[in-house]
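Work through the exercises below with the sequence and the structure at hand. Each task sentence is followed by a solution in steps.

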Amino acid sequence: MVKHQPLQVYEKQVLLSFVTGIYGCRWKRYQRSQDDSSKWECTWFVILCSSFLLLLFWAYFWLVAQNDFNDFNRLVYNRSGEWKDETVSIFTSTTVGFSYITFLMILALFHISLGQQLNLYWVHKIGVLATLLTTISGIVSIDDIWGDEWDILFVSLQSTAPYLHIGALITVTAISWLVAGYVVRKERSNFQAMVLLIYFIILLALCLAPLTFTCPCIMDRNTLKPRPDIIGLRGAPMLAPENTVMSFNRALQHGVSSLEADVTISVDGVPFLMRDRTLRRTTNISNVFPSRQYEDASFFNWTELRSLNAGQWFLESDPYWTGKTLTAKDRSRIGNLTVCSLVEMLRLAARANSSALLNIRKPPPEHPRFRSWFMDTLWALQKAGISQKRVTLSPDTDRGRVRGLLQTTNEKLSVEEIRQRGITSLTLHYRKTSYKDIQEYLANNVSVTVYPVNEPWLYSILWCSGVHSVSSDAPQVLRKVPYPIWLMSHSAYNFIWITSDLVSLAIVIGIFTFQKWRISGMQNYNPEHIMLSAVARRPSRDVNIMKEKLIFSELNNGLGSTEELSLYPENGHVRYSHGGLSR
């Protein structure tokens, strides 16, 4: 009885089995194919790439939008009537979705680099489609309720553009391996030429992109202006309930130069501090005056306001996830806080030798103090014993009545309008101003305060831009920024930029050259000189491919169903056997 050696000895390909198994549920060798992917699977690959890019954009947006999470939660509260941190669920779903899509993208790129046919498993197709639709619905929803926030993307690029540029350059350079492997194949087509042209256009655009950047922190260190003063916006609302005595005390403890508060006039003429139109969010009015919880806060008298608790909501909702840092003593103090009057806040500022910025909400026309709101405010200033020169009012209305007090405006005005109004300071939202605007205001001796600034990267941009002060919900965070983040001289950045471009181009050219050499070497194999003995030595992957092609070619060219191909390596030739008889 004649024993035949096996036709082929296959090496275990653990990585390939893992890649094709996870991506397309093709764990067995016979399930895999190196044929070109179908148009349907190519379409799914395009959908996967689109989902990845969209999620990358979505994740970046939420990373930079952390500066305004408090505003977002307040918008949601105004719509739903319930205070909760919606950003947690958004962050969780975005992280899970982005991790999943990124993993599939890596597997797909491995398929392409290993020459395997793309065949996304149907479960993954459902997952990709669900992730894509969820992301699109999220973008549409945010555009509806928080559309102005998209501007933060352009603001953030003033800080992150140089580093995003390097990351994009590394990515495009790595993709050159796949592009080169596709365009240097023996078969030529117009689509290959188009792919090559698009790739090099993208690469060239990336290399020249820094010419369009406006980055304030790319500057000479010697020209860096003094650190911007930090204004405690409603005190330190991440550490204690906003617009309360404890919150302002915490802000002063973290070195703020000024206190900013929202002022409302009560029905009996007492200025008190409240941000919202109603008392529902920050007091226990639903328990004390349940029938009046939707009533305007200004229509309560001071006795009624003083009877409300203004701290328990902070302990129950923990809006900034800082509850774990509170001591038992802090919790007891917060639980007994009441509505703060303007006099209390100004006395605190006076004792700390600090200044105050007051955002006054004028009473509605039907309010008893509609015509006397300014006198009520002036009375509070005099009672607190603070110098009028250390108090700034916003907005700059009733200029004829407001004399002896500093005023600022929240409007973005031209230099000519500022001169006509006699204004010397502006308080602007960071979305309303640009580096060019700030430089123009500074050149005309106009002081600029920017709000809200809660993240170190935004504080760094404004520091490099030369603003005088920033208003922040997080003075405890900004106080820890010793120097602008990513401050770099022009010469240093130019060196990094040009060097990274040259290295990228050199690597791309090297990859294209190597891929052309590798593909041409595979095309020059002569099947008649390939040793089919897998036992004698371990063949390379390319030789294995050529062996299989030769074997299937021979089988298709005349071997009957009863013929067997034997691997007797006699004189270097293949021998056939038929019915057990050797030829």
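## Exercise 1: Aromatic pairs

Tyr 199 and Phe 512 are both buried, where buried means under 20% relative accessible area, exposed over 50% and partly exposed in between, with a 1.4 Å probe and protein chains only. The model is predicted: local features need pLDDT of at least 70, side-chain atom pairs count only at pLDDT 80 or more, and totals for chains, interfaces and linings use all residues. Residues are numbered from 1 along each chain as its sequence is written, and side-chain values use heavy atoms, with hydrogens and water left out.

Task: Classify the ring pair of Phe 57 and Trp 150 and state where each residue lies.

Solution. 
- Step 1. A pair of aromatic rings is described by the distance of the centres and the angle of the planes.
- Step 2. Rings of Phe, Tyr and Trp (its six-membered ring) pair if their centres lie within 6.5 Å; planes under 30 degrees apart count as stacked, over 60 as edge-to-face and the rest as tilted. This rule gives 27 aromatic pairs.
- Step 3. The ring centres of Phe 57 and Trp 150 are 5.9 Å apart and the planes are at 25 degrees, so this pair is stacked.
- Step 4. Phe 57 is in helix H2, while Trp 150 is in the loop between helix H5 (122-145) and helix H6 (151-183), 93 residues apart. Helices (H or I, at least four residues) and strands (E, at least two) are DSSP runs, numbered from the N terminus.
- Step 5. Phe 57 is partly exposed because its relative accessibility is 34%; Trp 150, at 14%, counts as buried.

Solution. 

## Exercise 2: Leu 48

Task: Is Leu 48 buried or exposed, and which residues does Leu 48 touch?

Solution. 
- Step 1. Leu 48 is placed in helix H2 (residues 39-64).
- Step 2. Its relative accessibility is 1%, so Leu 48 counts as buried.
- Step 3. Leaving out residues up to four places away in sequence, Leu 48 touches Tyr 23, Ile 101, Leu 104, Met 105, Ala 108 and Val 128; contact means heavy atoms within 4.5 Å.

## Exercise 3: Arg 292

Task: Over which rings does Arg 292 sit?

Solution. 
- Step 1. A charge sits over a ring if NZ of Lys or CZ of Arg is within 6 Å of the ring centre and within 35 degrees of the ring normal.
- Step 2. For Phe 289, the charged end of Arg 292 is over the ring, 5.7 Å from the centre.
- Step 3. For Phe 300, Arg 292 lies over the face at 3.9 Å from the ring centre.

## Exercise 4: Two helices

Task: Describe the burial of helix H17 and of helix H8, and what follows each helix.

Solution. 
- Step 1. Helix H17 (residues 456-465) has 9 of its 10 residues buried, so H17 is largely enclosed by the rest of the structure.
- Step 2. The buried residues of H17 include Trp 457, Tyr 459 and Trp 463.
- Step 3. Gly 466 follows H17 and has a positive phi, near 100 degrees.
- Step 4. In helix H8 (residues 245-253), Met 246, Phe 248 and Arg 250 are among the buried residues.
- Step 5. The cover over the buried residues of H8 includes strand E1 (229-233) and helix H12 (328-335).
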